[in-house]
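Here are a few notes to read alongside the coordinates.

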Amino acid sequence: MFDIPANVNALRASGLDCVVIGVMHHYHFMEEPGTKVGWRHTGFDALLAWLTGKNDIQVMALARLASKFPPPK
């Protein structure tokens with residue numbers, strides 16, 4: 001895994017309007033102690049709490065994002 005907060009902070013500092021799309025599958029989450037890959041649910045909860053605590057970040061489902069940009073006619 002890479003440092004998501006560092007990457008998000010770099011994008012925020014760039015001054016650009018950015019869209020970051022995270023794709024995760026159920027197997028990215030660890031359930032067994034000692035598993036070497038993936039995240040623990042508590043880590044994911046902490047990341048979402050950090051993201052939603054930023055005034056300039058909107059967390060939304062991909063379907064909601066897509067609805068903001070309808071296809072051209």
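Is valine 23 buried or exposed? Valine 23 is exposed, at 61% relative accessible area, where exposed means over 50%, buried under 20% and partly exposed in between (1.4 Å probe, protein chains only).

1. A word on the source: this is a predicted model, in which local features need pLDDT of at least 70 and side-chain atom pairs count only at pLDDT 80 or more, while totals for chains, interfaces and linings use all residues. Residues are numbered from 1 along each chain as its sequence is written, and side-chain values use heavy atoms, without hydrogens and water.

2. The protein has 3 helices and 0 strands, taken as DSSP runs (H or I, at least four residues; E, at least two) numbered from the N terminus. Of its 73 residues, 12% count as buried.

3. The largest nonpolar core consists of Ile4, Val8, Leu47, Leu51 and Ile57. Such a core is a set of buried Ala, Val, Leu, Ile, Met, Phe, Trp, Tyr and Cys residues joined through side-chain atoms within 4.5 Å. Helix H1 (4–14) and helix H2 (41–52) each supply at least two of its residues.

4. Do look at tryptophan 50, found in helix H2. Tryptophan 50 counts as partly exposed because its relative accessibility is 24%. Leaving aside residues up to four places away in sequence, tryptophan 50 touches Pro5, Val8 and Asn9, a contact being heavy atoms within 4.5 Å.
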